[in-house]
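Please read the numbered points with the sequence and the model at hand.

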Amino acid sequence: MKVLKRGRRQKGWSIKATCTGSGNGLGGCGATLLVEQDDLFETSNTDMKGETDYYATFQCMECGVLTD
């Protein structure tokens, strides 16, 4: 195999995702993003019973909206 054109260095895994604002009041712009492992951070929500749910969240670089 030969490399015809070098790509950028990959850091960890990545996934194609859409900015939807899901879990954060919606309002996403619909941009298609390549979200890398380092782009994710943890958010949480505690309900009335005191139970906490944790989410992997990213911030859209186009509109700034958070998506879980």
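**Notes on the core, the cysteines and the sheet**

1. Leu33 is buried, at a relative accessible area of 11%; buried means under 20% relative accessible area, exposed over 50%, and partly exposed in between, with a 1.4 Å probe and protein chains only. The residue belongs to strand 2 (residues 32–36). Strands (E, at least two residues) are DSSP runs, numbered from the N terminus.

2. The model is a predicted one, in which local features need pLDDT of at least 70 and side-chain atom pairs count only at pLDDT 80 or more, while totals for chains, interfaces and linings use all residues. Residues are numbered from 1 along each chain as its sequence is written, and side-chain values use heavy atoms, with hydrogens and water left out.

3. Leu33 and Lys16 are 17 residues apart along the chain, yet their C-alpha atoms are separated by 5.6 Å. Beyond its neighbours within four places in sequence, Leu33 is in contact (heavy atoms within 4.5 Å) with residues including Ile15, Lys16, Phe58 and Met61.

4. The largest nonpolar core has eight residues: Ala17, Cys19, Ala31, Leu33, Val35, Phe58, Cys60 and Val65. Such a core is a set of buried Ala, Val, Leu, Ile, Met, Phe, Trp, Tyr and Cys residues joined through side-chain atoms within 4.5 Å. Setting aside residues up to four places away in sequence, Ala31 touches Ala17, Thr18, Cys19, Cys60 and Glu62.

5. The structure holds zero disulfides, a disulfide being a pair of cysteine sulfur atoms within 2.5 Å. For Cys60, the nearest cysteine sulfur is that of Cys19, 3.7 Å away; Cys60 counts as buried at 3% relative accessibility. The sulfur of Cys63 lies 3.6 Å from its closest cysteine sulfur, in Cys19, which is too far for a bond. Cys63 is partly exposed, with a relative accessible area of 36%.

6. Three strands form an open sheet in the order 3-4-5, with antiparallel pairing. Strand 3 (41–46) and strand 5 (66–67) are at the edges with a single partner strand each, so one side of each has no neighbour in the sheet. Two strands pair if DSSP finds at least two bridges between them.

7. Six bridges join strand 3 to strand 4 (residues 52–59) in the antiparallel sense; Ser44 has Tyr54 as its bridge partner, and Thr43 stands opposite Tyr55. Their hairpin has five residues between the strands, and Gly50 takes a positive phi near 90°.

8. Strand 4 and strand 5 pair in the antiparallel sense over two bridges, with Leu66 as the bridge partner of Gln59. Six residues lie between these strands in their hairpin, where Gly64 in the turn has a positive phi of about 85°.

Terms used: Helices (H or I, at least four residues) and strands (E, at least two) are DSSP runs, numbered from the N terminus.
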